[in-house]
Amino acid sequence: MTECVDLSVELAGVRLKNPVVVASGTFGFGREYGQLYALSELGGICCKGLTLHPREGNPPPRIAETPMGILNSVGLQNPGVDTFIARELPELRRHDLAVIANISGNTPEEYGVICGKLSEAGVDLIEVNISCPNVKAGGLAYGTKPELAAEVTEVAKRHASVPVMVKLSPNVTDITEIAKAVEGAGADALSLINTLRGMRIDVNTRRPILHMNTGGLSGPAVLPVAVRMVWEVAGAVKIPILGMGGVAKGEDAAQLMLAGASAVAVGTACFDDPFVPLKVRDGLTEIAAAQGLARISDLTGGVKPW
Ligand code: SIN
C-alpha cells in the first residue's frame, strides 16, 4: 500500500524525492552518517552552517541535555565556505539528494558574497540563517527585526542564482511579521523554526552549564511551538515552508505538513538514532497510505482548525 504514495515534493522549485531532509547542524556534511546508510535515501541535506571564513565556534561546554531536548551554543563552528566548496560539496554530489547550504554572515554583504560563491559552485538551495542565537554579530540580530531580515534577504537574492530559503527564529513576538518582510524581499521559501533561547544552571556551582550562559533549545520539547509557528506563517505567506523543530517520528512530520509545511527537517533526533530520518520518511508514508492519499504533498496545509 505504501508504494502507492508519491513521496516527491517541491520546495522553491527544487524537487525532493521525499519530503525528509536533515537539519543544519545535526548532520555535519553527511560524512559520518553516510557510513551507516546511503545519503540518497534522504530528500535532502541542510549542511552545517557556513560562514565566509572558518570558525572554531564557542568555548565548551556548549551542549547540555534538557528534559525532552538539548541546549546548544556551538557558535557556528565550520570550515568556511571555500573549504566546503572544495572538499565537501564534490563528496555530497556523488549522492542523489538535494544539497542545501546553510549560511550566516556578520554583515548583509557577507551573506551576498557567500551566496555568490555557493551559486557558482552549484548547490541546489541556499538556507539563509538569520536566527542563530549563539553569535554576537549577525544571527538573531537580523532575524528579530523585519527591516534587517528583509535587507539580508534582498542582498542574498541579488547575489544568488539558486533559490533562497530564509531560516526564521522562534524568538520573536510575531513570527508572521518577519515571514512577510522576508517574502516581500524576494525569498523563495522559509524554514522554521530555529532553536528557542534557553538556559540551565548548576545549582551547586551556581554557574550556567553552558560557557556562553545561554543556548538554543531543540528536540521533542519544541515540536508544538514549531507546529504552531508553521501554521501561523503558512496562513500569512504564499512561499513554501520547510518545517522543523522536534521531529522524531512520522506523526511529528505529518503534523508539520498538515500545518502547512511542504517538506520537513529532522534534527536533534539524529543524535539519538542516526536512522530517524528514514524512520520519519517511512512513518509519514504509512500515515499517508492509511489515509488513502496518492501524494504525500496532499498533507500540506490539510489541518482543519476548529
Ligand atoms: C550554532 O552553531 O550555534 C547553531 C546554529 C544555529 O542555531 O543557527
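Student: Which residues lie nearest the centre of the largest pocket?
Tutor: Ser-24, Gly-25, Thr-26, Lys-48 and Asn-72 lie nearest the centre of the largest pocket, out of 41 residues that line it. This is a predicted model, in which local features need pLDDT of at least 70, side-chain atom pairs count only at pLDDT 80 or more, and totals for chains, interfaces and linings use all residues. Residues are numbered from 1 along each chain as its sequence is written, and side-chain values use heavy atoms, with hydrogens and water left out.

Student: What counts as a pocket, and as lining?
Tutor: On a 1 Å grid over the protein atoms alone, a pocket is an open set of points where a 1.4 Å probe fits, with protein on both sides within 12 Å along at least five of seven lines; lining residues have an atom within 4 Å of a point.

Student: Which elements give two or more residues to that lining?
Tutor: For the largest pocket they are β6 (69-72), β12 (215-218) and β14 (263-266). Strands (E, at least two residues) and helices (H or I, at least four) are DSSP runs, numbered from the N terminus.

Student: How much space lies in the largest pocket, and what is its lining by class?
Tutor: The largest pocket holds about 690 Å³, a volume being the space filled by probe spheres set on the grid points, which are joined across faces, edges and corners. Its lining has 19 nonpolar, 20 polar and 2 charged residues. Here Ala, Val, Leu, Ile, Met, Phe, Trp, Tyr, Cys and Pro count as nonpolar, Asp, Glu, Lys and Arg as charged, and the others, Gly among them, as polar.

Student: And how much space lies in the second largest pocket?
Tutor: About 240 Å³ lies in the second largest pocket. It is lined by 14 residues, and Ile-70, Pro-220, Thr-268, Ala-269 and Asp-272 are the closest to its centre.

Student: Which element gives the most to that lining?
Tutor: Helix α8 does, with 3 residues of the lining of the second largest pocket. Both β6 and α8 (269-272) supply at least two residues each. By class, this lining divides into 8 nonpolar, 4 polar and 2 charged residues.

Student: Changing topic, how are two packed helices described?
Tutor: One gives the angle between their axes and the distance between the axes. Axes are lines fitted to C-alpha atoms, for helices over the stretch in contact, and angles run from 0 to 180 degrees between N-to-C directions.

Student: At what angle do α7 and α9 cross?
Tutor: The axes of α7 (residues 250-259) and α9 (residues 276-290) cross at roughly 65 degrees and come within 7 Å. α7 and α9 are therefore roughly perpendicular to each other. Angles of 65 to 115 degrees count as roughly perpendicular, under 35 as roughly parallel, over 145 as roughly antiparallel and the rest as oblique.

Student: Which residues make that contact?
Tutor: Gly-250, Glu-251, Ala-253, Ala-254 and Met-257 of α7 make it with Val-280, Gly-283, Leu-284 and Ile-287 of α9, contact meaning heavy atoms within 4.5 Å. These residues divide into 6 nonpolar, 2 polar and 1 charged.

Student: How does α6 pack with α7?
Tutor: Helix α6 (residues 223-234) packs with α7 at an angle of about 20 degrees, with their axes 8 Å apart. That makes α6 roughly parallel to α7. Residues of α6 in the contact include Val-230 and Trp-231, and those of α7 include Asp-252 and Leu-256.

Student: What about α5 and α6?
Tutor: Helix α5 (residues 175-184) and α6 pack at about 45 degrees, their axes 9 Å apart, and that makes α5 oblique to α6. Ile-175, Thr-176 and Ala-179 in α5 meet Met-229, Glu-232 and Val-233 in α6.

Student: Now the backbone: where are the cis peptide bonds?
Tutor: One joins Pro-60 and Pro-61, with omega about -5 degrees. Pro-61 lies in the loop between β4 (44-46) and β5 (63-66). The bond from Leu-192 to Ile-193 is also cis, with omega near 10 degrees, and Ile-193 is in the loop between β10 (189-192) and β11 (196-198).

Student: Which residue has a positive phi although it is not a glycine?
Tutor: Ala-12, with a phi of about 55 degrees, in the loop between β1 (9-11) and β2 (14-16). Most residues other than glycine have a negative phi, and most peptide bonds are trans.
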